Amino acid sequence: MIVEIISTGTELLLGEILNTNFQYLSQNLNRMGFDVLYETTVGDNEKRMEEVLRTAMERADVIITTGGLGPTRGDITKETVMKVCSREGYLDTGIWRKIEAYFAKRGTVVPSNNKKQAIVPNGAKILENGAGTAPGIWLECDGKTFILLPGPPAEVKDICEKKLWNIMLKKFAGQGIILSRILRLRGIGESLTAEIIDDLIMNQTNPTLAIYARRGETIIRITAKAENSEIAGTMIENMQEKLMKHLGKYIYGADDESLAGILGRLLLCHNATIAFAESCSGGLASSLLTDIPGSSEYFLGSAVTYTNMAKNKILKVRQATLDKFGAISSETACEMAVNVKNLFGSSYGVSITGNAGPSASEDKEVGLVYIAIASKDAVYCQKHRFASNRTENKLRIALTALSLAIDKIKSENKNTAEKK
């Protein structure tokens, strides 16, 4: 069953708002076995909207629109669909009473133009909107199914989860399901990942594989289509086993797992704590770690020491070290890691110092970064080079620091266990 999602609103084309409705609808529809093959964004123009709707009728079985159901003259989605389907409309008194009650509850008089939202195409089903005034509409037309949804994301979600999904599952039973799993990789880029698993990609059928570079890391999406979730789950497990044989040392988690979450669980497991000293990353590594609920159990604090003065005054990095080696050096990184550990009394101290770009400093090239981690008995430092823009570099640097902390904590505790 082919689905096209049409997002309406000139504000989307101007980039004034992010189209989260499409992401929400597409993810859920794919899970239910529908093939979302087309997505179109069109402004508030009747002629262009009509063209888009007629094109959708030629290539899709289900056409879902979002937006354009409001009370203003610019809200023309419903009227244009009615034109395309040659349908007249009527005033639904039940909807109108609900709109009146909605405004009365807020102590205001309902504007007369809101009556437009109570007009329903002949033969349509009403999808009640518990979060706003404009109801959704289900309309069958020339063998196609039109589903009209309002624009606000909260209203879309309310209609879908309370009404629409159940209706679609009953109406289009037998679609099967589409199940996906995301594998998250560290320490490897998109192109090398593709090269390593080229044989699996070339021979894929069902499940399918897709590789993405997203937010400073590489991910692989495994997608299986089957009669039910149990069968699809088994198909995904089998493919994941093959991927582990090729990329096991790079795969650190699945789906919503993150490096920050894994580091947090590792610290909790070993009853350990951590502190950060950040320069070029500007506190981003600490921010990622504190995005995890309960991180106060293991994260003691951080110091964003952006200048040499801050490194010297706050972290007590020796002036002689800064003068001789500079802020961007392994020597400074190691002192930062040891001293931030001592400052907060944590089990581990992590430091980041370098140049995120876009111009060189201290005669050191752009993207040169040193990351160090200090424990009770040792301090370890890595040298890295990052070659993206400043914002992307900062994210990659922060993620690399979290990854290094994971590796060193695992290594230390493994060595301790072996000695025992």
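Which residues lie nearest the centre of the largest pocket? The views below take up this question and a few others, using a predicted model.

**View 1. The largest pocket and its centre.** Welcome to a space of about 1,300 Å³, the volume of the largest pocket. Q27, I182, R214, I219 and R221 lie nearest its centre, and they belong to a lining of 39 residues.

View 2. Helices and strands both take part here: α2 (20–31), α10 (259–269) and α15 (390–419) each supply at least two lining residues, as do β2 (35–42), β9 (177–185), β10 (208–214) and β11 (217–226). Sorted by class, this lining holds 16 nonpolar, 13 charged and ten polar residues.

**View 3. The second largest pocket.** Here the space comes to about 540 Å³. Its lining has 25 residues, and R186, G187, I188, F386 and T400 are the closest to the centre. Two or more lining residues come from each of β11, β17 (379–385) and α15.

View 4. Now zoom in on strand β15 (residues 348–354), where S351 sits. Is S351 buried or exposed? S351 counts as buried because its relative accessibility is 0%, and the cut-off for buried is under 20%. A polar atom of the S351 side chain lies 2.6 Å from the backbone oxygen of A333. Leaving aside residues up to four places away in sequence, S351 touches A277, A333, M336, A337, Y370, I371 and A372.

Conventions
Residues numbered from 1 in each chain as written. Predicted model: local features only at pLDDT ≥ 70, side-chain atom pairs only at ≥ 80, totals over all residues. Heavy atoms only, no water. Helix = DSSP H or I, 4+ residues; strand = E, 2+ residues; numbered from the N terminus. Buried < 20%, exposed > 50% of the residue type's maximum accessible area, 1.4 Å probe, protein only. Polar contact = N/O pair within 3.5 Å; in protein donor to acceptor, adjacent residues only side chain to side chain. Contact = heavy atoms within 4.5 Å. 1 Å grid on protein atoms, 1.4 Å probe; cavity = no way out; pocket = protein on both sides within 12 Å on 5 of 7 lines; lining within 4 Å. Points joined across faces, edges and corners; volume = space filled by probe spheres on them. Nonpolar A, V, L, I, M, F, W, Y, C, P; charged D, E, K, R; others polar.
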